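Please walk me through this protein, step by step.

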Amino acid sequence: MQPIIIVLVILVVLVFIALVKTIQVIPQASAAIVERFGRYTRTLNAGLNIVVPFIDSIRNRIDLREQVVPFPPQPVITQDNLVVNIDTVIYYQVTDARAATYEVASYIQAIEQLTVTTLRNIIGGMDLERTLTSREEINAALRGVLDEATGKWGIRVNRVELKAIDPPTSIQDSMEKQMRADRDKRASILQAEGVRQSEILKAEGEKQSAILRAEGEAKAAALRAEGEAQAVRTVFEAIHAGDPDQKLLSYQYLQMLPKIAEGDANKLWIVPSEIGDALKGLSGALGNFGPTGGGSASLPKQAGAPGDTGGRREQPPID
């Protein structure tokens, strides 16, 4: 009885194993390669799949999602014989699980080696400056070569990115010095432009100020001249309206003589010729009020004859 139980247990275990091998559940975005007696039979897609137990076997399970693979820095020689280290990142996706399994032994290693060789060919035709400034061009050329070569492997290269381009340390120091010199140059140019603009604005301001000041002075002078002319016209009209006679004019001449002689520095002063006529008129007026000798003795002596056109009187120095 006991051997029968053992056989039944063995049969149950075999049936369970057969069911497990028969029912295959493939996750989403994955694929599985089925081989029958070592030969490719079919590709299992996502979901529940039935296979023949102990005859069919799962060779490989492949992830169909986009994969990101960073490669270690690779030394590359530029056209001007400088060694730069370049880090690359590959974004790829398996489109054919069968080709990725049977067309290449290890598509990751194949992509890496192909990336290195292609990168050396591309960078070898560029100098350092172009290499540092042409990442998009390098990415496009590298992606085109990789996509064409990996197509038969069932791989599609979506993107290739240069993560870092590291030139030698000595070149980095030279580049830093050059960039620092360029920044200093730009700073000096900007400072000079600022000073120049400031001087221009200052000169423009001074010019406008001078113009406004000159216009103001011209208007003020015109107003002063107009005022003086008006004053002269007013005095002239007042004199003519008062109708002054010769006696009044002579008296005004005499009042102006002390003002003419004012000042310690006045050594020589000129007497107008008209003052003779004024003195004659004033003498005649004074003669009506007193003796002629007394009136004529109080007048200053004229330098010259009464008929002369002018005279010169020298003032004695004042102690």
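Strands β2 and β3 form a hairpin, with two residues between them. Helices (H or I, at least four residues) and strands (E, at least two) are DSSP runs, numbered from the N terminus. This is a predicted model: local features need pLDDT of at least 70, side-chain atom pairs count only at pLDDT 80 or more, and totals for chains, interfaces and linings use all residues. Residues are numbered from 1 along each chain as its sequence is written, and side-chain values use heavy atoms, with hydrogens and water left out.

Start in the turn of the hairpin. Phe37 sits in the loop between β2 and β3. Its phi is positive, about 55°, although Phe37 is not a glycine. Most residues other than glycine have a negative phi. Phe37 is also exposed, with a relative accessible area of 70%. Here exposed means over 50% relative accessible area, buried under 20%, and partly exposed in between (1.4 Å probe, protein chains only). Ala29 is another non-glycine residue with a positive phi, of about 60°. Ala29 belongs to the loop between β1 (23–26) and β2. At a relative accessible area of 24%, Ala29 is partly exposed.

Now follow β2 itself. Two strands pair if DSSP finds at least two bridges between them. β2 pairs with β3 (residues 39–44) in the antiparallel sense, over five bridges. Within that pairing, Glu35 stands opposite Tyr40. β2 also pairs with β5 (residues 56–63), again antiparallel, over seven bridges. There, Ser30 has Asp63 as its bridge partner. Six of the seven residues of β2 are buried, so this strand is largely enclosed by the rest of the structure.

Ala32 lies in strand β2 and is buried, at 0% relative accessibility. Contact means heavy atoms within 4.5 Å. Leaving out residues up to four places away in sequence, Ala32 touches Ile26, Arg42, Thr43, Leu44, Ile58, Asn60 and Arg61. Take Ile58: Ala32 and Ile58 are 26 residues apart in sequence, yet 6.6 Å apart in space, C-alpha to C-alpha.

Next, look at the interior. In soluble globular proteins, nonpolar side chains tend to be buried together. A nonpolar core is a set of buried Ala, Val, Leu, Ile, Met, Phe, Trp, Tyr and Cys residues joined through side-chain atoms within 4.5 Å. The largest such core has 32 residues, and Ile86, Ile90, Tyr92, Leu119 and Ile155 touch the most other members. The elements that give two or more residues to this core are β2 (30–36), β6 (67–77), β7 (83–94), α2 (97–102), α3 (107–123), α5 and β8 (155–166). The largest share, seven residues, comes from α3. A second, separate core has five residues, among them Ala32, Val34, Leu44 and Val51.

Which aromatic rings pair up? Rings of Phe, Tyr and Trp (its six-membered ring) pair if their centres lie within 6.5 Å; planes under 30 degrees apart count as stacked, over 60 as edge-to-face and the rest as tilted. By this rule the count comes to two aromatic pairs. Tyr40 and Tyr102 form an edge-to-face pair, 5.8 Å centre to centre, with 75° between the planes. This pair links distant parts of the chain: Tyr40 in strand β3 and Tyr102 in helix α2, 62 residues apart. Tyr40 is partly exposed, at a relative accessible area of 27%. Tyr102 is partly exposed at 31%. Tyr92 and Tyr107 form an edge-to-face pair too, 6.0 Å centre to centre, with 70° between the planes. Tyr92 lies in strand β7 and Tyr107 in helix α3, so the pair ties together parts that are 15 residues apart in sequence. Tyr92 is buried, with a relative accessible area of 5%.

Charges meet rings as well. A charge sits over a ring if NZ of Lys or CZ of Arg is within 6 Å of the ring centre and within 35 degrees of the ring normal. Arg98 lies over the face of Tyr40, 5.2 Å from the ring centre. The charged end of Arg159 sits over the ring of Tyr91, 4.3 Å from its centre.

Finish at Asn139. Asn139 is part of helix α5 (residues 135–150) and is buried, at 9% relative accessible area. Beyond four places in sequence, Asn139 touches Val160, Glu161 and Leu162.
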